[in-house]
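This report describes the overall fold, the ligand shell, the nonpolar core and selected local features of one protein model.

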Amino acid sequence: MEALSDRLESPPWPRRQFMKCFGWLRSQLPANFLLARMRKANSPLIQEFLRAPGGWRAMEIIYERKQPRNLVDWYALNGLPLSIEARNRRRLIKAAYENAVSQTPADRPLRILSLGSGPAVEIIEVVSECSRVVTVDAVDLDAEAISHGRDLVERAGLEGQVQFHELDVRDCLTQFSGEQFDLVSIVGLAEYLDDEELTELLTGLTDLIEPHAGQLLIHGYQDTCSSAVTMRRVFNLHMRQRSGRQLSRLLSQSGFDVTDQQNTPLGVYPLLTARPTAAEESHAAITPRETVPLQAGKQRDRVTLE
Ligand SMILES: C[S@@+](CC[C@H](N)C(=O)[O-])C[C@H]1O[C@@H](n2cnc3c(N)ncnc32)[C@H](O)[C@@H]1O
């Protein structure tokens, strides 16, 4: 069987240098010039990014990687570090789900909670392919993501196993209160939350994770190819940078011990696995405060360029 590392897209050194230089150059260009170019681009990915920056559909276009329409579309799909690394991240995450399925004792169903799941395509694939009983709760704010996910679940005949919940992730703390999951994943979401929001969510999650063998899967974001400036200036998408070490610190402040770290080949996404710190060591729980719903990619300070 092909090793996981062989399935990752790992551009050679000269191409990586080009990506870094190109990213830096792009970050120096005027935002209104870039935006005008992007509006004209015949690229489903770029158009989707303009429509809903940071949304699930753009991710699906990146994962599907259909035949590009032209050079610009080719570049958006195959040349952008964020597209390459999103696919790499997905491969690592899928392998982590498969691992969890194979490691959990077979005497009971494995329970997965996916936060900011989008349509949860990769989880549906894992559940369809495995012989174990796995139940999944997938949480997302986006009604279209949920409806698409439900269609996929129906087609795969997994109605009893995969449930979607149209919720803000922080409401899951009350929604699932008293329940315990073997695996909780936060993928494609943490980079849009500030430290306070993320700490609050993580602290609450320690109660929802099975205390002996339960795991949390989460990743940071490192701007290794100067993508964040363009995302902020052109799409108004604020991506918070967190290295593996910074995310580890945040996890330990929130009541988790990090047990494993992997990196995507370009270093954009450090992927961490963590377990709740044993109860006697854990920090006092932070009482959830009243907050307005978080929604990644929908910041209020959108820059108007016209
Ligand atoms: C970049 S997509 C990632 C989707 C999927 N996890 C993946 O890796 O492809 C981010 C998802 O998080 C959802 N989201 C953003 N903020 C959220 C919130 N506060 N509560 C629930 N879902 C949220 C969005 O609707 C979107 O589907």
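## Model and confidence

The pLDDT is the predictor's confidence in each residue, on a scale from 0 to 100. The protein chain has a mean pLDDT of 89, and 91% of its residues reach 70 or more. Over residues 282–306 the pLDDT is below 50, although this stretch has 36 contacts in the model beyond near neighbours in sequence. Two residues are in contact if their C-beta atoms, placed from the backbone, lie within 7 Å. Where pLDDT is low, the predicted coordinates should not be read in detail.

This is a predicted model, in which local features need pLDDT of at least 70 and side-chain atom pairs count only at pLDDT 80 or more, while totals for chains, interfaces and linings use all residues. Residues are numbered from 1 along each chain as its sequence is written.

## Overall architecture

The protein chain has 13 helices and seven strands; these are DSSP runs (helices H or I, at least four residues; strands E, at least two), numbered from the N terminus. The radius of gyration of the protein chain is 19 Å, close to the 19 Å that the globule rule gives for 306 residues, so the chain is as compact as a globular protein of that length. The radius is taken over C-alpha atoms, and the rule is 2.2 Å times the number of residues to the power 0.38. Along its principal axes, the C-alpha trace of the protein chain spans about 55 × 40 × 35 Å.

Of the 306 residues, 40% count as buried. A residue is buried if 20 or more other C-beta atoms lie within 10 Å of its own, exposed if 12 or fewer, and partly exposed in between, with C-beta atoms placed from the backbone. Among contacts in the protein chain with a separation of 6 or more, 75% are accounted for by residues 24 or more positions apart.

The ligand is surrounded by 20 residues, the closest being Trp56, Gly116, Gly118, Asp142 and Gly188. A residue is near the molecule if its C-beta atom, placed from the backbone, lies within 6 Å of it. By class, the shell has ten nonpolar, seven polar and three charged residues. In this scheme Ala, Val, Leu, Ile, Met, Phe, Trp, Tyr, Cys and Pro count as nonpolar, Asp, Glu, Lys and Arg as charged, and the others, Gly among them, as polar. Helix α5 (56–64) and strand β2 (134–140) each supply at least two residues of the shell.

The buried residues of α5 are Trp56, Ala58, Met59, Ile61 and Ile62. These buried residues pack against α4 (44–51), α6 (71–79), α7 and α9. Arg65 follows α5 and has a positive phi, near 50 degrees.

## The nonpolar core

The largest nonpolar core has 75 residues, and those with the most contacts inside it are Ile123 and Val184. Helix α7 (residues 81–103) gives the most to this core, with eight residues. Such a core is a set of buried Ala, Val, Leu, Ile, Met, Phe, Trp, Tyr and Cys residues joined through C-beta atoms within 7 Å.

Not counting residues up to four places away in sequence, Ile123 touches Tyr97, Ile112, Ser114, Val136 and Ala138. Ala95 is also found in helix α7, but with 14 C-beta neighbours inside 10 Å this residue counts as partly exposed.

## Selected local sites

Ala143 lies in helix α9 (residues 143–156). Ala143 is exposed because 10 other C-beta atoms lie within 10 Å. Ala143 and Gln67 are 76 residues apart in sequence, and their C-alpha atoms are 28 Å apart in space.

Ser226, in the loop between β5 (215–219) and α12 (228–235), has a phi near 55 degrees, a positive value in a residue other than glycine. Ser226 is partly exposed, with 18 other C-beta atoms within 10 Å. Asn236 is found in the loop between α12 and α13 (244–253); its phi is positive, near 55 degrees. With 19 C-beta neighbours inside 10 Å, Asn236 counts as partly exposed.

Gly244 belongs to helix α13 and is partly exposed, with 19 other C-beta atoms within 10 Å. Gly244 touches Gly220, Gln261, Pro270 and Leu272, not counting residues up to four places away in sequence. The C-alpha atoms of Gly244 and Ile218, 26 residues apart along the chain, are separated by 10 Å.
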